[in-house]
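Please consult the sequence and the coordinates alongside the text.

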Amino acid sequence: MSRELIVHRAGPALSLQDEGRPGWITYGLSRGGAMDRLALAEGTALLGQPPGTALEMGGMGGRFEASEDMRIALTGAPMRATLDGAPLLWHGAHLLPKGAVLEIGPVTGGAYGYLSVGGGFAEPEILGAQSAHLTAGLGAPVASGARLAVGPDRGGETGCKLAVEERFNGGTLRVVESLQTAMFSEAQRARFGEEGFTRDNRANRMGVKVNPDGEGYGVEGGLSVVSEVISPGDIQMTGDGAPFVLMAECQTTGGYPRLATVIPADLPRVAQAPAGARLTFRWITLDEALSVEAGYRRHMAELHRKVEPVVRHPGDVPDLLSHKLVSGFSSGDHHDH
Amino acid sequence: MALDQPGFPIIRTAGIDGMLVSFGDRLDEAANRAAIAFRAEVERAGWEGVQESSSSLVSCYLRFDPLALSHADLEARLREVMASRDWLQADLPAGRRLHRIPTVYGGALAPQLGEAASEAGLSEAQAVEMLSEAQVRVTALGFAPGQPYLGLLPEVWNIPRQSALTPKVPKGALVLAIRQLVLFGVTAPTGWRHVGQTAAELFRLGDERPFLLAPGDEVIFPAVSEAEFEALRRAPGGGASWEALA
């Protein structure tokens, strides 16, 4: 029998996601990939396997079953998860026994949860990646009834957890100057780094709208700017003056003026800010941003060292199937990436 | 963030991992040609640490790993290439293609030809003749995968966008504004006028070259009748053909 994750019921925004498919910007295809790249890395670390593809779940998960015993990791926005009715720890790795029912409910904080599987998903690649790029029409959302192919698992730990940095309720986003920053007045640039913003209801894999406490932003003649390349994190001012932070499935070029760019290390915080979350922006220099980037990459590369076994009292655990008791937590085979 | 004095070309940073060399601040034939030629040179150089390059209307973009290749080093290399010649006089690179994409102009399939012709001060017949003979360049691709911006048409076609959006034009629609054409790869709303309809497939998975068009390619949209078009709808690639450009 093939090794599959069976999706009995899919939430409205499920798709396979990975690091995206770089290399096609000149053809008008943005890189795409997971909204919260850190959650992807956390899933990888919890399962002790190389970077791969996870199931991204916007707002709500679904009901799942494994065709054979499977390790899973739950990362990103915390969601209510149960295994045959027993609660499962988020930011953790667990054994999903063949035939057991995994229920993943709505988020309790943040926006995007991730389900990673031991061995990784093994669906066909499109232009070198499994991820769906919904805006571009590559791949499709994962729907109820899907059976997702899963690769062979070399095995590893379950019943372990990872302490993660809180990033699920807004906060401060660090920004650098970008292409068109100089088009905005000094006053607007200063105000941008001082006032507060609220995450709007409008957000998807293309971008996240944030409403300023004060008046809108814009530039003189802003509607006749020649189209230029867009990078994820760019903050674009549309007609009504409310900023959009452009995300994984942004267009490759755009003509709306852009005030600044959120640094990669803070994009997970943008992705995970739920509607109504409070956000502020803080200008930093390019040099500061590069040292933050070095730290961010180091953090991701070292995540596997922070994975720790879950210690529970047997009396707290109605069903021992939900985690394997760990015998010696050694892993000579973790991958640095 | 601008990294130099006024006057094109200019270098700017894009995020923490991008650098952009721009040859103008508005779409212009020479600036677009420079961007395409400059990108070909950057691709040829194959600098370590550069992960991707692209050309857009007037700029060449490089995405790089700033921890492996410093901004200062990349900027120095770019300035060397910038100074090596007058890029506004550069020839377009080799390897480009000339495509012919059969097109129905006007009628029920492309209902805004008359409106566009009248904005341009032409009769419909004159408009079809001009548009079907024009050889236009793919200045950039964007909005949807493989979807081209093409230009520039003669000055008479410097017509404005509509004030209201057309809620939906079909895949394959050829739309026109401000001396440019866009050929839609997907069904989409647009503020440009729908003057022609093609059966082109801009993006085909599984092909060796999944994208039909590349920046710098040129395209002619020869006129066909509605009856001919119906047959082409069933033909591979909608009847489009190409030859190498010398």
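Which residue of β14(B) does B:His99 stand opposite? The residue is B:Val219.

## Basis of the model

This is a predicted model, in which local features need pLDDT of at least 70 and side-chain atom pairs count only at pLDDT 80 or more, while totals for chains, interfaces and linings use all residues. Residues are numbered from 1 along each chain as its sequence is written, and chains are lettered from A and ligands numbered from 1 in the order in which they are written.

Helices (H or I, at least four residues) and strands (E, at least two) are DSSP runs, numbered from the N terminus. Two strands pair if DSSP finds at least two bridges between them.

## Strand pairing in chain B

Strand β5 (residues 97-100) of chain B pairs with strand β15 (residues 241-244) of chain B in the antiparallel sense, over 4 bridges. Within this pairing, B:Arg97 stands opposite B:Ala244. β5(B) also pairs with strand β14 (residues 218-220) of chain B, here in the parallel sense and over 3 bridges.

## An open sheet in chain A

In chain A, 6 strands form an open sheet with antiparallel pairing, in the order β7-β6-β9-β4-β1-β11. β7 (86-87) and β11 (147-149) of chain A stand at the edges with a single partner strand each, so one side of each is left without a neighbour in the sheet.

Strand β4 (residues 60-66) of chain A and strand β9 (residues 102-107) of chain A are joined by 4 bridges in the antiparallel sense. A:Phe64 stands opposite A:Leu102 in β9(A).

## Helix α4 of chain B

Helix α4 (residues 124-133) of chain B has the buried residues B:Ala127, B:Val128 and B:Leu131. A residue is buried if 20 or more other C-beta atoms, placed from the backbone, lie within 10 Å of its own, and exposed if 12 or fewer do. Seen down the axis of α4(B), the buried residues fall within an arc of 95°, so they line one face of the helix; the arc is that of the directions from the helix axis to the C-beta atoms.

The face of α4(B) turned away from the buried side carries the exposed residues B:Ala125 and B:Glu133. The buried residues of α4(B) pack against β6 (104-105), α3 (113-119) and β13 (193-197) of chain B.

## Contacts between the chains

In total, 34 residues of chain A are in contact with 37 residues of chain B, contact meaning that the C-beta atoms, placed from the backbone, lie within 7 Å. On the side of chain A that touches chain B, the largest share, 5 residues, comes from α4(A).

Key. Contact = placed C-beta atoms within 7 Å.
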